[in-house]
Amino acid sequence: MSQEIVSQPILARPANQKKRSLFAGDKVLGWILVTPALLVVLGMVGYPFVEAIRISFTDRMIGRGPGRWVGLANYEYILAWPEFSQMVVRTIIFALIAVFAKTVVGLILATALNQDFRGRNVLRGVFMLPWILPTYIIVLVWRWIFDGQTGLLNQILMSWGLIGENYPFLARTGSAIGLLLFVMVWKGYPFYALTFLAGMQTISSELYDAAKVDGAGRIARFRYITLPGLRQVMGVVILLSTIWTMNSLEIPLLLTGGGPSNDTEVFPLLTYHLAMQNFRLGEGAALPIMMLPIIALLVLGVAGAMDKEATQ
Amino acid sequence: MSAYFDRVPDSVFRVFSFVVITLLLLLIIFPLYFMATTAFKFEREIYSELTWIPREPTLINFQNAIYNFHIPLYARNTLIVALSTTAIVVTISVLAAYALTRLRFPGRAIMARGVLFVYLIPGSLMLIPMYLIIVKIGLKDTYPGLIVANMSFSVPFCTWLMMGYLRSISTEIEEASMIDGCTRLLSLWHIVIPLSIPGIVTAAIFIFNNVWNEFIFALILAQDDAHRMISVGLSNFYRSDYYMVGPMMAGSLIAMTPVVLLYIFSQRYVVSGLASGAVKG
């Protein structure tokens with residue numbers, strides 16, 4: 001007992017000294033290094049966020065001064081709007097379908113690319129093209145292809161004799177929704193495939209060999225080795241992509257512009273239209289704030305379904 | 001079901017993979033092929049008939065895009081904004097990521113965890129206040145306005161990417177150097193930064209590409225021709241009543257060139273950086 005008390009300070013001193021020399025001034029240095037980033041986040045994300053909430057309680061319009069305080073009027077206006085619930089449901093369903101499709105196609109492509117064959121690296125590079133190319137270029141090209149008058153798809157279908165006259169793909173509800181989702185998936189799945197592939201390559205081949213010896217079949221190996229091994233990667237990708245997909249403004253804005261007759265109007269697009277076309281900043285700000293709980297719930301749901309470590 | 005699949009020989013699975021890869025590949029190449037060939041076609045050929053190869057290849061669309069539609073000006077504007085943003089964001093983010101992964105100070109845990117949660121904020125929510133703030137501080141239609149706006153989401157993203165990368169680097173060399181009397185900042189400069197070059201290159205390419213490809217801020221914050229970004233310049237080829245497919249495709253080829261070149265040059269970096277940073281991180 002007494003020995004311990006005597007020996008403790010002797011043992012503790014060098015340990016403390018070592019710690020001090022390693023982490024001396026960490027508090028000050030840490031804050032100095034973090035401050036620029038913190039200022040950017042507080043100034044260009046935090047402050048605008050608070051501003052958005054404040055503007056949503058005013059009737060501010062572009063070019064008409066700061067606007068008056070109107071309380072919850074903007075929120076009531078949006079809630080009373082007959083198509084609001086449709087718009088919410090549409091936004092969520094589009095995002096869920098797109099994320100699901102990207103996950104499935106990404107998994108299939110990653111599994112296919114995870115085999116040894118010549119030219120695999122070249123192929124992997126080509127498959128990354130949709131992901132690295134600017135979204136606006138991709139959407140402009142697809143929009144021209146789907147165009148109802150001079151579009152390429154119409155030219156091809158006509159030359160093959162499949163249709164007798166031009167079909168306005170982006171002006172019909174069904175095809176417009178389908179093609180919007182198609183372009184979102186086309187643009188998005190390569191990123192899934194690349195990260196899934198990177199995840200698959202970290203899974204030890206010994207696991208597969210051992211499972212084979214134990215008589216596990218192809219499906220069983222995918223189900224019990226590949227999928228659990230990909231849990232963390234899939235968690236991160238699906239989490240981020242759900243948010244990106246729900247907030248995607250560029251693809252619907254450039255491809256359909258919300259048409260035909262608002263059938264592809266999702267919430268980021270409606271915000272844009274309210275603010276930048278109708279100049280109604282108050283209502284434009286209120287709309288995404290109302291969508292925040294839905295986005296947060298979705299994200300928490302996805303995050304909760306996956307490993308908690310995945311969000312770290 | 002499962003047993004049925006197990007009886008299928010490996011060769012069938014290889015054929016199946018081949019078919020899937022081919023189909024997806026065709027879907028990727030199809031629009032890009034027609035973008036590239038259409039850029040070399042005359043207007044009348046584009047509108048009148050379907051040709052797989054330009055009948056009389058021409059550079060007139062490129063001439064149009066360059067001399068009549070100010071593509072070089074837009075490209076220069078975009079390059080200025082993208083390079084500046086990348087340099088500032090990478091510097092700020094590497095410092096922050098180093099502090100958040102290596103130093104112990106009050107508030108670290110909250111900030112390290114909060115970095116990713118900035119993504120919870122919808123971009124459309126930031127649209128209106130960002131527009132008003134940039135107008136208010138007099139930075140609308142300027143390069144600094146676009147740089148500041150692009151920094152908003154890039155800094156947390158880049159910090160998060162770098163944190164993942166730094167965590168994957170062993171701290172032993174740093175600790176050894178500091179036991180030998182190296183200060184924190186010296187070890188950051190001489191050891192951590194050289195070791196994390198792949199991560200930094202990955203992050204820089206991500207930020208550059210994001211800014212080069214950015215459309216929404218460019219659309220609302222730079223509305224005068226002198227400061228227009230290439231994304232907005234190109235989408236302006238597309239009017240609701242008519243549009244100039246030839247120059248648009250030529251302009252698109254020009255606009256995607258730096259991104260593609262950068263990617264080919266750095267594919268190794270990006271893939272490994274992504275794997276260690278974003279995936280394992």
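Biologist: How much area do chain B and chain A bury between them?
Modeller: About 8900 Å² in this predicted model. Carbon and sulfur atoms account for 78% of that area.

Biologist: Which residues of chain B lose the most area to chain A?
Modeller: I28(B), L125(B) and I128(B). Together they make up 7% of what the chain B side buries.

Biologist: What about salt bridges between chain B and chain A, how many?
Modeller: The count is zero.

Biologist: Polar contacts, then. How many residue pairs between the two chains?
Modeller: Four residue pairs are in polar contact, counting pairs with both residues at pLDDT 80 or more.

Biologist: Switching to V126(A). Where is its place in chain A?
Modeller: V126(A) sits in helix α5, which covers residues 120-127 of chain A.

Biologist: What does V126(A) touch, leaving out residues up to four places away in sequence?
Modeller: L25(B) and I28(B). I28(B) was also named above, as one of the chain B residues that lose the most area to chain A.

Biologist: Now chain B itself. How many helices and strands?
Modeller: Chain B has 14 helices and zero strands.

Biologist: And what share of its residues is buried?
Modeller: Of the 281 residues in chain B, 56% are buried.

Biologist: Among its contacts between residues at least 6 apart in sequence, what share joins residues at least 24 apart?
Modeller: That share is 72% in chain B.

Biologist: Back to chain A. What pLDDT does it average?
Modeller: Chain A averages 82, and 88% of its residues score at least 70. Over residues 1-23 of chain A, though, the pLDDT is below 50.

Biologist: How many contacts does that stretch have beyond near neighbours in sequence?
Modeller: Eight in the model. Where pLDDT is low, the predicted coordinates should not be read in detail.

Definitions and conventions
Residues numbered from 1 in each chain as written. Chains lettered and ligands numbered in written order. Predicted model: local features only at pLDDT ≥ 70, side-chain atom pairs only at ≥ 80, totals over all residues. Heavy atoms only, no water. pLDDT = per-residue confidence, 0-100. Contact = heavy atoms within 4.5 Å. Buried area = accessible area lost by both parts, 1.4 Å probe. Salt bridge = Lys/Arg side-chain N within 4 Å of Asp/Glu carboxyl O. Polar contact = N/O pair within 3.5 Å; in protein donor to acceptor, adjacent residues only side chain to side chain. Helix = DSSP H or I, 4+ residues; strand = E, 2+ residues; numbered from the N terminus. Buried < 20%, exposed > 50% of the residue type's maximum accessible area, 1.4 Å probe, protein only.
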